[in-house]
Amino acid sequence: MRLSQFHLSTTKEVPADAEIASHQLMLRAGMIRKLAAGIYTWSPLGLKVLRRVENVVREEMNAAGAVEMLMPSVQPKELWEETGRWEKFGGQLLKIKDRKHGEFCYGPTHEEVVTDFARNELKSYKQLPLTVYQIQTKFRDEIRPRFGVMRAREFLMKDAYSFHIDADSLDTEYWNMYRAYERIFTRLGLSFRAVHADTGAIGGSASHEFHVLADSGEDAIAFSDGSDYAANVEMAEAVSPGERAAPAEDLRDVDTPTQTSCEEVAELMGIPLTRTVKSVALMGDETVGFVLALVRGDHGVNEIKLSKLAGMGESRLATEDEIRDHLGANPGFLGPLKPQKAITVIADRSVAAMADFVVGANRDGFHIAGVNWGRDLPEPAVVADIRNVVEGDPSPDGKGTLGIARGIEVGHVFQLGDKYAAAMDATVLDENGKARVMSMGCYGIGVSRIVAAAIEQNHDEAGIIWPQPMAPWDAVVCMINPKGDAATIEAAEALYADLQKAGMDVAFDDRGLRPGVMFADIELIGVPHRIVVSPRGLEAGTFEYRGRRDSEAQNLDRSALLEKLGIA
């Protein structure tokens with residue numbers, strides 16, 4: 001591609017509304033242009049990168065035995081009502097009406113559509129297993145789209161779905177897709193981690209997320225320094241600290257007139273924060289009612305773990321009136337001792353193992369110290385892992401301790417089981433001629449998000465540093481020829497043609513720009529190899545070569561250059 005014939009529009013200015021590196025650099029490099037909040041036009045340069053990612057994804061999905069198809073992006077309301085997600089999916093579901101007032105949505109995902117396809121196409125267990133996929137635009141109406149294409153409303157996604165006669169077959173395909181994802185992210189040159197994850201709005205029984213590791217990542221990942229254990233912090237298990245010590249203190253009031261947080265109380269009393277207990281008031285369903293969730297003062301409640309407990313699936317924070325009605329105090333002075341009405345106490349494992357701890361007294365301006373289970377209050381109704389893990393916690397597999405890293409989720413695999421197939425009556429005849437509900441798997445990759453995640457992981461002050469498989473071009477031949485020397489033009493054209501014949505995707509910068517401006521553009525857009533053809537170099541019999549990660553340029557003869565490019 002001759003850059004004189006290509007639309008390349010770069011800028012030096014950092015856009016004011018771009019908060020993270022990938023958003024800034026994609027705008028500066030001219031890869032994307034904002035059309036509306038969370039909706040972007042991909043320029044020719046951006047599309048080249050997007051297509052290279054897409055090609056790797058497609059090749060590995062095909063190699064794994066998946067079959068490509070394409071489903072409508074606009075989906076009828078009736079399908080979503082069959083699974084109960086028309087209302088449950090929430091505000092992210094963009095609902096639209098046609099001229100006949102029929103209700104539709106713009107697909108954020110395609111479980112309903114693909115299940116409808118399967119129930120009409122698949123009749124016998126002999127047609128299973130089957131894995132289909134598509135690469136298609138999705139739309140989720142994010143309440144606060146931000147970070148460019150990292151959290152856009154419209155995005156490009158690869159979504160795959162598998163159908164099986166039983167759970168064993170599903171499990172086999174799940175790990176087949178897991179390994180395919182590992183190959184995809186490895187081929188793309190990304191540093192990534194697969195982690196145990198929550199199934200979220202998609203649902204299902206088992207789930208792994210694939211995260212590109214980057215400091216700007218929105219997700220926290222817990223990983224062991226002694227094994228390959230890794231999990232999203234939402235799912236990472238906080239193991240029990242062991243046996244509870246015997247009581248050693250008497251129960252006593254502590255005057256805390258303005259101290260409403262565990263940190264303030266610990267500082268006032270001159271004790272470690274780990275001696276305090278944090279009380280979070282919630283309302284569960286009718287079986288549990290008013291709930292006091294207890295975690296150690298230095299820990300935070302994990303809402304995902306809490307929601308999985310009986311009666312807590314639809315829980316919410318209690319109102320101040322509900323709190324005063326049950327506990328007789330205002331927030332900041334709450335605890336499990338002597339409530340005014342019946343409550344359910346859910347204690348984290350670490351709290352259940354504490355002795356002589358400090359909690360709110362259920363009287364404004366007071367806390368109570370020296371509190372012990374069994375002696376001063378009943379044992380908690382429920383003891384469970386309800387906290388977020390922290391750095392230094394023991395790994396749940398018993399090997400090493402946990403560290404916390406930041407990650408950008410770029411892929412997710414689910415074992416859905418019969419969640420959608422049962423709701424939509426998607427059955428096949430088994431070997432005995434009986435109708436059997438199919439088991440399903442779901443496997444997604446954020447193709448457009450990968451582009452941004454790669455930049456977050458690979459950039460410097462000059463711009464993007466693409467991993468070779470994702471770069472818009474493998475190399476750029478830059479011609480510096482201010483006097484229009486014919487020999488320089490001929491040499492540059494010949495090198496450009498030879499590199500193309502060797503199978504490289506090469507750009508030819510024939511725009512006639514000054515070297516500094518030209519080189520700044522090439523560094524900004526992140527091309528891995530830059531080769532300069534100039535009258536001075538030709539006179540010396542060399543080309544100037546610089547890799548995007550190199551600190552200095554090198555003058556190489558033709559054979560050395562081709563060897564450097566791996567095509568000698």
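Tutor: What follows describes the largest nonpolar core and then the chain around it. The model is a predicted one. The largest nonpolar core has 70 residues, and the members that touch the most others are Met-31, Tyr-181, Phe-185, Ile-450 and Trp-466. Among the elements that supply this core, helix α6, which covers residues 167-187, gives the most, with 8 residues. Apart from this core lies another one, of 27 residues, including Phe-89, Ala-118, Ile-165 and Met-440.

Trp-466 is itself one of the core members that touch the most others. In soluble globular proteins, nonpolar side chains tend to be buried together.

The chain as a whole provides the setting. Of its 568 residues, 51% are buried. Among contacts with a separation of 6 or more, 69% join residues 24 or more positions apart. The chain contains 16 helices and 31 strands, and its C-alpha trace spans about 95 × 70 × 50 Å along the principal axes.

As for the surface, the accessible area of the chain comes to about 25400 Å², and carbon and sulfur atoms account for 49% of it. The charged side chains comprise 62 positive and 85 negative ones, and the centres of these two sets lie 4 Å apart.

Note on methods. Residues numbered from 1 in each chain as written. Predicted model: local features only at pLDDT ≥ 70, side-chain atom pairs only at ≥ 80, totals over all residues. Heavy atoms only, no water. Helix = DSSP H or I, 4+ residues; strand = E, 2+ residues; numbered from the N terminus. Buried < 20%, exposed > 50% of the residue type's maximum accessible area, 1.4 Å probe, protein only. Contact = heavy atoms within 4.5 Å. Areas by Shrake-Rupley, 256 points an atom, 1.4 Å probe, with all protein chains shown as cover. Lys, Arg positive; Asp, Glu negative; His and termini not counted. Charge placed at Lys NZ, Arg CZ, Asp CG, Glu CD. Core = buried A, V, L, I, M, F, W, Y, C linked by side-chain atoms within 4.5 Å.
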